[in-house]
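Try each one yourself before you read the solution.

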Amino acid sequence: MNEWMNNPAMKDMDPAKLELIRMAAAQTAGKSGRALAPVMLALITSANKQGIRFSPDEVSLILEILKEGKTKEEQEQIEQTVRMTSSIFQRHMK
């Protein structure tokens, strides 16, 4: 799952954001669909407490990381979960 760390977009990202993403990636290993929602909410809550906001591009990158190595069905569950919780994500982005 560390392949995503080589993504060029990660090189310019705030180290605090990177750490939160690393933690979320570790916590989502082996999870899919609705099981990911609590992890994403925890990521956003933790970031919020630290005064960190994720841009829409950063959120998209996080979702791509979460979908890595998942089956087509699991990726669809992730997309469905994101659609269901999109209002929460929108409130916590820049």
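**Exercise 1: salt bridges**

Arg22 forms a salt bridge with Glu19, with 3.0 Å between the closest N and O atoms. This is a predicted model, where local features need pLDDT of at least 70, side-chain atom pairs count only at pLDDT 80 or more, and totals for chains, interfaces and linings use all residues. Residues are numbered from 1 along each chain as its sequence is written, and side-chain values use heavy atoms, leaving out hydrogens and water.

Task: find how many salt bridges there are, and say whether Lys17 and Glu58 are buried or exposed.

Step 1. Apply the rule: a side-chain nitrogen of Lys or Arg within 4 Å of a carboxyl oxygen of Asp or Glu. The count comes to two salt bridges.

Step 2. Arg22 and Glu19 sit three residues apart in helix H2, so about one helical turn separates them. (Helices are DSSP runs of H or I, at least four residues, numbered from the N terminus.)

Step 3. Turn to Lys17 and Glu58, whose side chains meet in a salt bridge at 2.8 Å, N to O. Lys17 is in H2 (residues 15-28) and Glu58 in helix H4 (residues 56-67), so this pair ties together parts 41 residues apart in sequence.

Step 4. Check accessibility. Lys17 and Glu58 are both buried, meaning under 20% relative accessible area; exposed is over 50%, and partly exposed in between (1.4 Å probe, protein chains only). Arg22, at 36%, is partly exposed, and Glu19, at 38%, is partly exposed too.

Conventions: Helix = DSSP H or I, 4+ residues; strand = E, 2+ residues; numbered from the N terminus.
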